[in-house]
Amino acid sequence: MMRLHPRRAVVGVLICLAFMLSSAIISKTDDSVVVMRKDKKGHVTAKSPSKPGPMSGSHPSTKDEYCEEKQYDDIVNPAMFKQFLVDDKYKIIYCQVPKAACTNWRRMMLMLTGKMNATDPFKLRSPLVHGVYDRHLTHLKDMTPDQIKYRLKHYYKFMFTREPFERVLSAFRNKFQGKNVNQFFQNHYGKNIMKRFRTKGQTGVKLTFYEFVQYLIDSSRSEPFNEHWERIVDLCHPCKVKYDFIGSYSNIGADSAFVLKRIGATHLKFPDRSVTYKHSGTEQLLYQYYREIPPGLLDQLFQVYYSDFLMFDYRVPDALRNLTQWRFGF
């Protein structure tokens, strides 16, 4: 049975009630939003949406409606599982969500293989964890459809989510800001975004958050989202995959400990969040960046990630609630 925190379940009920009471209607349809189905056993059961962008028409107000719109069938396309890691010994499947403790969970999956000559997860350096060590991991996408079906049916499946606005900001700061700007992201994305959205007279060689938000809501954008800011529903397909556990980044320590105990890997200790994630004051940081975004653009950004808010019971952070009217009551 899928395990969700009672607090988040209550939030989900409030979200649905708020949506039904809201009279707000957006004039475009959402081709890019997804819904999660829960069966009688509490499992989550989805169709890959099209390119994210400003939406039109009415939104699904419940997870069931969202999943029904996606109309997934029983056909398995290995390519849709590129974020999924498998461990046959422990009979587990983990869907990786970048900016939701993904690096540390890759460390856990590597240590579960028994091929790492380390007892401390931090001995596995991040560039190696995402680089040469990947050869030690098993990817679901590399299996045949029948092999994938078997594992999806019989293995313990889990993932971790993160509040959408917080995750977007984390991706921006990690890839485009600071002393160690990621050159791949700067060259492949940053320069093109600045070329498209930078206004005359604006100076600076780094991408601004305002420009990044404009890129995210641009419906004419031809390339797909990078996994670091792709919507979680499109990475992990919660309507198609019946997850046994969906944890939260905000409770990553306790949720990870629960999973490790559940799969029989109590010899591993998930890295302490205070050591791994240096900055504090998330609410203040959110306000500092998002207050520079005009209300109309904030509403459009919310629409892009509407499905993640709905499917994983998130609400707009308190620090951002007064920045616009948030027409859907989240």
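**Salt bridges and their surroundings**

A: Arg-196 is exposed, with a relative accessibility of 52%, whereas Asp-218 is buried at 12%; buried means under 20% relative accessible area, exposed over 50% and partly exposed in between, with a 1.4 Å probe and protein chains only. The model is predicted, so local features need pLDDT of at least 70 and side-chain atom pairs pLDDT 80 or more, while totals for chains, interfaces and linings use all residues. Residues are numbered from 1 along each chain as its sequence is written, and side-chain values use heavy atoms, without hydrogens and water.

Arg-196 and Asp-218 form a salt bridge (a side-chain nitrogen of Lys or Arg within 4 Å of a carboxyl oxygen of Asp or Glu), with closest N and O atoms 3.0 Å apart. Arg-196 belongs to helix H7 (residues 183–197) and Asp-218 to the loop between helix H8 (209–216) and H9, so the pair ties together parts 22 residues apart in sequence. Helices (H or I, at least four residues) and strands (E, at least two) are DSSP runs numbered from the N terminus.

A second salt bridge joins Lys-157 to Asp-244, with 3.5 Å between the closest N and O atoms. Lys-157 sits in strand E6 (residues 156–161) and Asp-244 in the loop between helix H9 (232–236) and strand E7 (245–248), so parts 87 residues apart in sequence are tied together. Lys-157 is buried at 3%, and Asp-244 is buried at 14%.

Asp-88 pairs with Arg-151 in a salt bridge at 3.0 Å, N to O. Asp-88 is partly exposed at 34%, while Arg-151 is buried at 14%. The count comes to ten salt bridges.
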